[in-house]
Each structure stands twice: as structure tokens, then as C-alpha cells.
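This briefing gathers computed features of one structure, grouped by topic for a reader who wishes to check each of them against the coordinates. Please keep the sequence and the structure at hand while reading.

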Amino acid sequence: MNPEIRNLETRNLDTANLSDFRPSAKTVRQIQSVAILGGAILLAGAILAPDRFWPNFLLGWYLLVGIGLSAVFFVALQYVIGASWSVALRRVPEAMSAVLPVAALGLATVFLLQPSMYSWVGGSEGAEPLAGFKAAWLTLPFFWIRSAVYLLLWIALAYVIVRTSRRQDRDGDFSHTRRNVRFSALFLVVFAVTFSLASFDWIMSLEPDWYSTIFGVYNFAGLFSGGLAALILLLIWLRSSGPLRDFVNEEHFHDLGKLLFVFSTFWMYIWFCQYMLVWYANIPEETIYFVHRLHKFWEPVFLLNIFLNWVIPFLVLLPRSAKRNPAVLGKVAIVILAGRWLDVYLMIFPPTVGPVPVFGVWEVGAILGAVGLFLIVFLRAVRQAPLVPVNDPYLRESLQYHN
């Protein structure tokens, strides 16, 4: 580590340089080009292939909401447990959370303009009438109200946590940290309840005759694993391009690698619990979900999901050296992000597109659009405050952190 950083108590951080991060013009053009190309393909898909456009639209916005939520969850978790190691890199997940309002608007567009994706919506062709609690829960006005409540709560709490963190840059008052501990605890409780319900509403209800009581936990495992992968890639980029070179080191990557390893394995554990219990009980209304995904053309995709989300990350990240190597960690992060996309694809596409998996220009367009939009929003957000929380009382401890 830079010796000047070790002696942080004897120097003032150059906040001007930390605030003046500007990616190269070439990088900005490339990101904008990716976003524009993806948007153009999606627009064409809305006209030429609406049956493929809407599932891809839902998938892309759901993933972006997940990235934003995972970032807020990471920040909130660090505050609540009193972790100091992550202070130096906290501004990156804070900036990642800026995608939440944008993604919320995208999801609202899907729910308002294309509710017929959900077979339980009245008037949908082939829809079977629901009974009991499902009939009361799955009504369109109530669905819209619940979705608005989830999204508004997440956006409001994320805004308060990020704003309080940035206020500390001005005065260094420790009371900001204490307030954020309380806000973060509230967010974690709200998130645990609302995200489980949201995953039931937005994804599981695509197949309303099927149910799983741990579906929310399963989605959380994938959400946080994918969010950690995105965070790692952004930190590698910001470190290699200069702004975080003296602030984020292999010790921080080691802890992030451990978290990625743990949550990838946690995802596999929940996946196995869900699959094993359904297979063992062999109840028709439960097994139908896996029957659709384990036959004919879907089976290779089903198995690939396990390899991308767990087998490859588990084997590669077992050695300590791999978790401390940004090059290796970055490759694993890319694999996990691909696995996260495939995992949600397996949830959405069988009931909406049909019995044969598809991947073509419309799927590529959705991926490019989501990636480009996220990076544009992230770059705008990350420049609104110093890249390091310069007056956080735990910053020095984070810079001197050692595993």
C-alpha cells in the first residue's frame, strides 16, 4: 500500500482528485454505443417480436432492480455489523444503488402495459380460475399497489442511507454513522419481507399453480451473488484506471472473494433444498415446475445454470490465492453474472415463451441495453461524491485492513 495512505492521520486526503473521476472519452462512447444499440434492438423487438420482447424486458428490469438492491443490502449489512474493512470501497455500491429508480420505472412499464404476461390476469387466453387466498392475492389492482409499495420503500431507504453517508464527507460527524446503522437495520427488515413477496408476485406468479415457500430466499441468494460479482468488476475497473488504486487492495478483494464464494455456495444449498424437497414429495402441482425444465431442450440449460452459478465459482475460488487475485476474481464474477442472467431466464422464459429455449438478437439486445444503461447511471452517480468516504471515522482502519 502507498506509504502515504498508511500515515493517513498526518495528511489530508485529496478530495478534489477523488471527486474528479472521469472515464476516458473512448470508454464513455463505448458505453453509450452499447446502450443505444441495445435500446434500438429492443425497440425493434417491441414491434417485430412482442412475444420475445416482453419476457426480455421483464428479465432485464428485474436483474437491474436486483443489482441496485444488492448494493443497498451490502452497504446496510456493513453498517449493521459494524464492519470497517469495506469503508474504503463503500461509494461504489452506493453509486450502484442509483439504478433502482430507473429500474423501478422499467418494471412499472411491464406491469402496466403487459399484465397479460401473467396467466392469472382476467381475460388471458388459457388462464385457469384461481381459488381461495390466491384468488384474493392475485388481482391486478392489488398487484400494482403491492409492487408500488415495494419499489417506493426500497428507493426511499436507499436514498436516505446514501444521503446520510455523503453528508459525513462535509463534517465527519460520527452521528451520521449512528443514524445509518438505524436506517440500515430498518432496510434489512423491510427488504427481507418485501423482496420475498416481490419475487412471489413478479416471478413465481408467472406459473400461479406452482409454489415454493423458499422461492424468496432462493432469489435473494442469486440477487446478492450477482450483486457481489458486479461490485467486484466495478472495483477492478476503478482500481486499474487509477481512482481507487491507493484505497482498494488485495485484502479487500480477498474479503469480497470470500463473500462471493460463500453466497455462490449458499445459492446452491437453497437450490438443492428446493429441488430435493419437490423431488422427494413428488406432488404433481410442485413437480410440474421442474418437469418443464428437465425435459428435451431445456435440460442442458438447466444443468448449465448449476455450473455457472456454483460449480465453476466453487472450484476456482477454493484456493486463497484466487480470492486475492483481481484477474481471477474478475473472470469468476463474469461467470456468475452470466449464471444470474441464465437463472432468471429459466424462471421467466419457459412459461412465457414456450417449450423450446430461445436465444437470439432480441436477448442480446436486452443484455446490451441493460448493461449499457446500468453503466451510464453508475458513472453519473459515482461522480456526485468523492470516490472514498473521506471523513468516515473508520476509513483509516479500512485502509490498513489486513486479513
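This is a predicted model: local features need pLDDT of at least 70, side-chain atom pairs count only at pLDDT 80 or more; totals for chains, interfaces and linings use all residues.

Ile288 is found in helix H12, which covers residues 284-293. Although Ile288 and Glu207 are 81 residues apart along the chain, their C-alpha atoms are separated by 9.8 Å.

**The largest pocket**

- The largest pocket holds about 700 Å³ of space, and of the 23 residues that line this pocket, the closest to its centre are Leu337, Ile367, Ala370, Val371 and Phe374.
- The elements that give two or more residues to the lining of the largest pocket are helix H3 (25-48), helix H4 (50-81), helix H10 (215-240), helix H15 (326-352) and helix H16 (361-382).
- Sorted by class, the lining of the largest pocket consists of 19 nonpolar, 3 polar and 1 charged residues.

**Enclosed cavities**

- The count comes to 2 cavities of 30 Å³ or more, and the largest cavity has a volume of about 80 Å³.
- The lining of the largest cavity is made up of Tyr218, Trp271, Gln274, Tyr289, Phe290, Arg293, Phe302, Asn305, Asp343, Leu346 and Met347, and the elements that give two or more residues to this lining are helix H11 (250-281), H12, helix H13 (298-317) and H15.
- By class, 7 nonpolar, 2 polar and 2 charged residues make up the lining of the largest cavity.
- The second largest cavity contains about 30 Å³ of space, and the residues that line this cavity are Ile41, Leu42, Gly45, Ala49, Arg52, Phe53, Asn56 and Trp362.
- At least two residues of the lining of the second largest cavity come from each of H3 and H4, while the lining by class has 5 nonpolar, 2 polar and 1 charged residues.

**Buried residues with polar contacts**

- Arg91 has its place in helix H5, residues 91-96, and counts as buried because its relative accessible area of 3% is under the 20% limit.
- The side chain of Arg91 makes a polar contact of 2.7 Å with the side chain of Glu94, and a polar atom of the Arg91 side chain also lies 3.2 Å from the backbone oxygen of Pro386.
- Thr194 lies in helix H9, residues 175-202, and is likewise classed as buried, since its relative accessible area is 9% and the limit for buried residues is 20%.
- The side chains of Thr194 and Trp154 are joined by a polar contact of 2.8 Å.

**Aromatic rings and charges**

- The structure as a whole holds 46 aromatic pairs.
- Arg146 lies over the face of Phe142, at a distance of 4.4 Å from the ring centre.
- Lys323 is placed over the face of Phe261, at 5.4 Å from the ring centre.

Key: Residues are numbered from 1 along each chain as its sequence is written. Side-chain values use heavy atoms; hydrogens and water are left out. On a 1 Å grid over the protein atoms alone, a cavity is a set of points where a 1.4 Å probe fits but cannot get out, and a pocket is an open set with protein on both sides within 12 Å along at least five of seven lines; lining residues have an atom within 4 Å of a point. Grid points are joined across faces, edges and corners, and a volume is the space filled by probe spheres set on the points. Helices (H or I, at least four residues) and strands (E, at least two) are DSSP runs, numbered from the N terminus. Ala, Val, Leu, Ile, Met, Phe, Trp, Tyr, Cys and Pro count as nonpolar, Asp, Glu, Lys and Arg as charged, and the others, Gly among them, as polar. Rings of Phe, Tyr and Trp (its six-membered ring) pair if their centres lie within 6.5 Å; planes under 30 degrees apart count as stacked, over 60 as edge-to-face and the rest as tilted. A charge sits over a ring if NZ of Lys or CZ of Arg is within 6 Å of the ring centre and within 35 degrees of the ring normal. Buried means under 20% relative accessible area, exposed over 50%, partly exposed in between (1.4 Å probe, protein chains only). A polar contact is a pair of N or O atoms within 3.5 Å; within protein, one must be able to donate a hydrogen and the other to accept it, and residues adjacent in sequence count only if both atoms are side-chain atoms.
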